[in-house]
Amino acid sequence: MTDTLLFKNIDEPGLNTIDVYMARGGYKQLEVALKMKRGDLITELSGSGLRGRGGAGFPMGKKASFIPKGDMQKYVVCNADESEPGTFKDRELIQKNPHQLIEGVIIAAFAVDATITYIYIRGEYDQQADILDAAIAEARERGILGENIFGSGFNVQLELARGAGAYICGEETGLLDSLEGKRGNPRLKPPFPANEGLFNGPTLINNVETLSAIPSIIELGAEGYAAIGVKDSAGTKLVSISGNVERPGNYEVALGTSSRELIYGLAGGPVDGRKVKCWFPGGSSTPVLTADDLDVNYDYDSLEAAGSMLGSGAIIVVDETQSVVDLAYKLAKFYSHESCGKCTPCREGTRWTFHMVERIKEGTATPMDLDIMAAVQEQITGHCLCVLGDAMAMPIGSLIAKFRDEFEAEIEANRNERERKLAAEFAAAEVAIEGVSA
C-alpha cells in the first residue's frame, strides 16, 4: 500500500479542476459517505485514529462526536489560516488539489449534520483563494454543493472567507471572531466551539490537512487508514521542511518515520557538510531539539517524549553557522508583534522577552538576565488566554536551556564590543575638546 494519500497525483496538470479530479475518483467517497448513517460515519472517523494536523493533535473523530444532536444550526469551519512560520503544506493542498479539501469539508458536514460551512483562508494566500473560489463554483455547478447532493436529501452551503493577515486568527476562537466580522481575539473557554462556536452555534473546526484526509479514510476504511503509521499516530503526515537544508519542500510520510530520514534522507541535510545545531519539529512555536535527537521517530508521542511536539508538521533546520541569539531575537520579535494584547502574560511577556534579547544584542545584558528571561518563559507558559504566549515561551525557553553557553558567550562578546566603542567615542570626544581648547 502506498503511503502517498494526500499528495496522490498532486502534480498532475489540471488536478485543481473538477473534471480531472473526478476522473481520478474524486467525490466518489462523498457518495459513499452520504449513504452511511451519521453515527457510523463518526465511528469510522474515530476508528481511523486521525489526529488534528493543525497543531494540537486532538482526535478528529472525537471532536466531531462532541457536536450535539438536534435541529439547531450547526457549522463546519476549515482553518486555512496557515500562518505558523515554517508551515506551507496547506498552501500546496489548496493550490493543487482544492476539490479534495471540498470533498472532506462536505463529508465532515454530513457527519455532524451541519448545513453551512466555511473555509477561512489567510489573506496572503490570494492566488490559492482564487483557485478555491473557482473550485467551489465548479462544485456548485455540478450539484455537489447546494441542495439534495447526489440525491441524498442533504443540503450544504460552502463559502470562502479571506482573512487580513493576522497570526492570531489561526487560533480557532480568534478565527471565529474574525469570521463573524469582529476583531480576531481568542475567546475564553469553555464554552468550546463544539457547543458554542460560530454565531453561537455548535461548530466543528479542523484545518486543511485534517479535512483533506477524510476522503482517504472513507476509501481505505478506518482499519486500513489506522494501519498506516504507528500506535496513536495513524496515517500519513505532510511535513514542510525548510531552513538550512539542500532540498526544502513538502513531503508526505507515514507517521513514525525517523526524523533523520526526513532531514537528511528527503531534504538532504545542511549544505556543504555543515552540522545540525538544532531543529524545530513542528513550526517555530515548538521547543527546539538538537542533533542528538535526530533519530527520534516523527510522531506525536515520540516527539513529546523527546521534549517537543509535532505541532503543524513543519521542520525548520538550523545549522552550526547560525546564531541562537539571532534566532531568539527573530522569534521574540514575531510573537511580540502578533500578540493580540488581550491577556497580560502574553502582551507583556512577549514584549519584555523581545526587549531582553535586544539587550543581549546591544551589549547591555548580563548572564543574570538569562535566569530572569528563562523564569519569565515559565510564567508565560500555560497562563495565557490562548497558546500564542506559549508559542514564544516554549522555543525561547528551550534555546536558553540547551544553548546557555552560547548566550553567555554572546553577552560577553557584545558587552566587550560595546565598551570598546564607548571607549573609542570617549577618546574621540576628548581629542575634539582639546582641539577646541587649543
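How many residues of the lining of the largest pocket are nonpolar, how many polar and how many charged?

Reply: Happy to! This is a predicted model, in which local features need pLDDT of at least 70 and side-chain atom pairs count only at pLDDT 80 or more, while totals for chains, interfaces and linings use all residues. Residues are numbered from 1 along each chain as its sequence is written, and side-chain values use heavy atoms, with hydrogens and water left out.

Your count first: the lining of the largest pocket has 16 nonpolar, 17 polar and eleven charged residues. Here Ala, Val, Leu, Ile, Met, Phe, Trp, Tyr, Cys and Pro are nonpolar, Asp, Glu, Lys and Arg charged, and the others, Gly among them, polar.

The pocket itself has a volume of about 1300 Å³. (A pocket is an open set of points on a 1 Å grid where a 1.4 Å probe fits, with protein on both sides within 12 Å along at least five of seven lines; lining residues have an atom within 4 Å of a point. The volume is the space filled by probe spheres set on the points.) In total, 44 residues line the largest pocket, and Gly54, Gly55, Ala56, Gly170 and Val387 are the ones nearest its centre. Three elements each give at least two residues to this lining: helix 5, strand 4 (203–207) and helix 16 (388–402). (Helices, H or I with at least four residues, and strands, E with at least two, are DSSP runs numbered from the N terminus.)

Let's look at strand 4. Five of its five residues are buried, meaning under 20% relative accessible area with a 1.4 Å probe. Thr203, Ile205 and Asn207 point one way from strand 4, Leu204 and Asn206 point the other way, and all of them are buried.

Now for helix 5, which covers residues 89–96. Helix 5 lies across strand 7 and strand 8, at about 115° to strand 7. (Contact means heavy atoms within 4.5 Å; axes are lines fitted to C-alpha atoms, and angles run from 0 to 180 degrees between N-to-C directions.)

Five strands make up an open, mixed sheet in the order 8-7-13-10-11. Strand 8 (249–254) and strand 11 (289–290) stand at the edges with a single partner strand each, so one side of each has no neighbour in the sheet.

Strand 7 (residues 236–243) pairs in the parallel sense with strand 13 (residues 314–319) over four bridges. In strand 13, Ser240 has Ala314 as its bridge partner, and Ser242 has Ile316. With strand 8, strand 7 pairs in the antiparallel sense over six bridges, and Val239 stands opposite Tyr251 in strand 8. Five residues lie between strand 7 and strand 8 in the hairpin that they form. As for cover, seven of the eight residues of strand 7 are buried.

Terms used:
Two strands pair if DSSP finds at least two bridges between them. Buried means under 20% relative accessible area, exposed over 50%, partly exposed in between (1.4 Å probe, protein chains only).
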